[in-house]
There are 2 protein chains.
Amino acid sequence: MTDRLLQQLNTIASLTETEEQAFVAITTTRRLRKKEWLMRQGDICRMVTFIYSGSLRLFHTVDGEEKTIQFFFENALYTDYLSFLTGQPTLENVQALEDCALVQFSRTDLEQLYQQHPVFERIGRISAERAFLSLSARNTLLTNQSPEVRYQQLIRARPDLFQRVPQYHIASFLGIKPESLSRIRKRMATR
Amino acid sequence: MTDRLLQQLNTIASLTETEEQAFVAITTTRRLRKKEWLMRQGDICRMVTFIYSGSLRLFHTVDGEEKTIQFFFENALYTDYLSFLTGQPTLENVQALEDCALVQFSRTDLEQLYQQHPVFERIGRISAERAFLSLSARNTLLTNQSPEVRYQQLIRARPDLFQRVPQYHIASFLGIKPESLSRIRKRMATR
DNA sequence: CCGAATGATTGATTTCGGTTAAGAAATCAC
DNA sequence: GTGATTTCTTAACCGAAATCAATCATTCGG
């Protein structure tokens with residue numbers, strides 16, 4: 001399982017045999033059944049998680065309502081940056097949508113790795129930059145457009161989503177109610 | 001002018017005399033009159049800009065409409081991360097709301113500085129992390145709440161804004177029309 | 001100081017998502 | 001396979017923001 005994560009890392013910066021081994025040494029694997037939790041609000045996030053297979057949903061709870069922030073599928077990386085960096089309790093809930101196989105490593109081990117093999121610093125920086133850019137793209141999508149346009153763009157960008165995620169989670173991700181998404185779909189079908 | 005930027009950097013990681021001098025050597029200063037442009041859509045962003053005094057507005061143009069993304073005041077840093085990192089043309093427009101005094105340095109010079117004085121790598125990383133966290137906070141504000149609540153939170157978070165920025169720009173920042181902001185204010189005044 | 005431009009408010013109307021409630025369709029568990 | 005649960009759709013009504021248009025207030029340039 002860790003092989004595929006290593007492949008990903010190698011596309012960012014190439015690793016020597018030694019570096020790869022040092023990295024593998026800090027990883028652990030873990031399985032999650034559908035509906036089990038990777039993270040609950042109030043936890044402290046100390047791990048980075050690589051999704052080998054399956055899918056997860058990240059949401060915040062605001063006024064008793066779940067606001068879906070992101071979906072994760074195979075080959076994605078997840079960590080709560082805020083909690084991971086500051087050590088504060090997280091506001092995020094992460095739940096398995098499907099059974100998952102995961103690869104994890106801890107912040108502590110990662111920092112030792114940074115010191116032993118500086119190439120991982122580079123990987124860490126580039127990952128952070130990518131996280132920023134992707135958050136920024138999500139921002140643009142969700143704040144500049146009407147729900148209908150957001151839905152259209154989402155279909156184009158991630159058609160896979162609709163095969164694997166219940167529609168009411170997608171509605172929540174788009175910032176609307178399931179009934180409204182249903183209406184939007186109807187409206188678009190008739191036009 | 002560069003003094004105050006140095007002060008800011010020193011709060012992130014302390015710099016030696018030599019490092020400070022090396023940094024000062026790559027900075028240039030610049031003035032901008034009200035309504036002049038720091039950046040136009042299509043430009044390539046090669047600079048980081050520190051606002052010594054004055055204010056700027058960052059907006060995107062979507063379907064011919066200006067969507068205000070952020071305001072910058074004295075002591076803020078601005079760069080278009082996407083364009084700065086990838087060298088692609090920017091989607092951002094940045095215009096002076098008031099006369100500005102700015103300190104700038106280029107990406108090229110910054111990268112040389114990284115190599116000569118690794119402490120700047122650290123500063124760069126932490127700045128990127130902060131940018132991520134602040135974008136994330138802005139996200140939460142703008143996507144989870146109704147316009148009225150967003151307005152209330154904005155007043156509490158940035159009361160200064162309303163002294164220095166026309167109301168229709170604030171409306172745009174909140175994702176609504178000026179007329180609607182006017183009505184929200186009226187509604188809140190009577191209740 | 002005055003006219004012009006800019007910015008803010010108000011009103012009438014339309015559009016669209018939220019709410020509530022009901023029922024249909026799909027999926028799951030036994 | 002059947003009943004139960006979960007998910008999706010539909011409908012009626014409501015409220016809030018958009019739109020269109022006019023007016024009022026403020027600021028700016030000469």
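Reader: Is the crossing of H5(A) and H5(B) left-handed or right-handed?

Author: In this predicted model, the crossing of H5(A) and H5(B) is left-handed. The two helices, each spanning residues 119–144 of its chain, have axes that come within 10 Å and cross at roughly 20°. H5(A) is therefore roughly parallel to H5(B), given that angles under 35 degrees count as such.

Reader: Which residues in H5(A) meet residues in H5(B)?

Author: On the side of chain A, the residues are Ala131(A), Phe132(A), Leu135(A), Ser136(A), Arg138(A), Asn139(A), Leu142(A) and Thr143(A). They meet Ala131(B), Phe132(B), Leu135(B), Ser136(B), Arg138(B), Asn139(B), Leu142(B) and Thr143(B) in H5(B). Sorted by class, this contact has eight nonpolar, six polar and two charged residues.

Reader: What rotation superposes chain A on chain B?

Author: The relation between two copies is read from the rotation and from the shift along its axis. Here the rotation is 179°, with 0.1 Å of shift along the axis, and the RMSD is 0.1 Å. This is therefore the relation of a two-fold axis. Both copies use the same surface, as 95% of the contact residues of chain A recur in chain B.

Reader: Which residue of chain A comes closest to the rotation axis?

Author: That residue is Phe132(A), with its C-alpha at 2.7 Å from the axis. Phe132(A) is also among the residues in H5(A) that meet H5(B).

Reader: Turning to the backbone, where is Asp63(A) found, and what is its phi?

Author: Asp63(A) lies in the loop between strand S4 (56–62) and strand S5 (65–72) of chain A. Its phi is near 50°, a positive value in a residue other than glycine. Asp63(A) is exposed, with a relative accessible area of 73%, and the cut-off for that class is over 50%.

Reader: What is the phi of Asn75(B), and is Asn75(B) buried or partly exposed?

Author: Phi of Asn75(B) is near 80°, again a positive value in a residue other than glycine. Asn75(B) has its place in the loop between strand S5 (65–72) and strand S6 (77–78) of chain B. Its relative accessibility of 32% makes Asn75(B) partly exposed.

Reader: How many helices and strands does chain A have?

Author: Chain A has nine helices and eight strands. Its C-alpha atoms fill a box of roughly 60 × 30 × 30 Å along the principal axes, and 45% of its 191 residues count as buried. Among contacts in chain A with a separation of 6 or more, 72% come from residues 24 or more positions apart.

Notes: Residues numbered from 1 in each chain as written. Chains lettered and ligands numbered in written order. Predicted model: local features only at pLDDT ≥ 70, side-chain atom pairs only at ≥ 80, totals over all residues. Heavy atoms only, no water. Axes fitted to C-alpha atoms, helices over the stretch in contact; angles between N-to-C directions. Helix = DSSP H or I, 4+ residues; strand = E, 2+ residues; numbered from the N terminus. Parallel < 35°, antiparallel > 145°, perpendicular 65-115°, else oblique. Left-handed = near helix turned anticlockwise from the far one by under 90°. Contact = heavy atoms within 4.5 Å. Nonpolar A, V, L, I, M, F, W, Y, C, P; charged D, E, K, R; others polar. Least-squares fit on C-alpha atoms with pLDDT ≥ 70 in both. Buried < 20%, exposed > 50% of the residue type's maximum accessible area, 1.4 Å probe, protein only.
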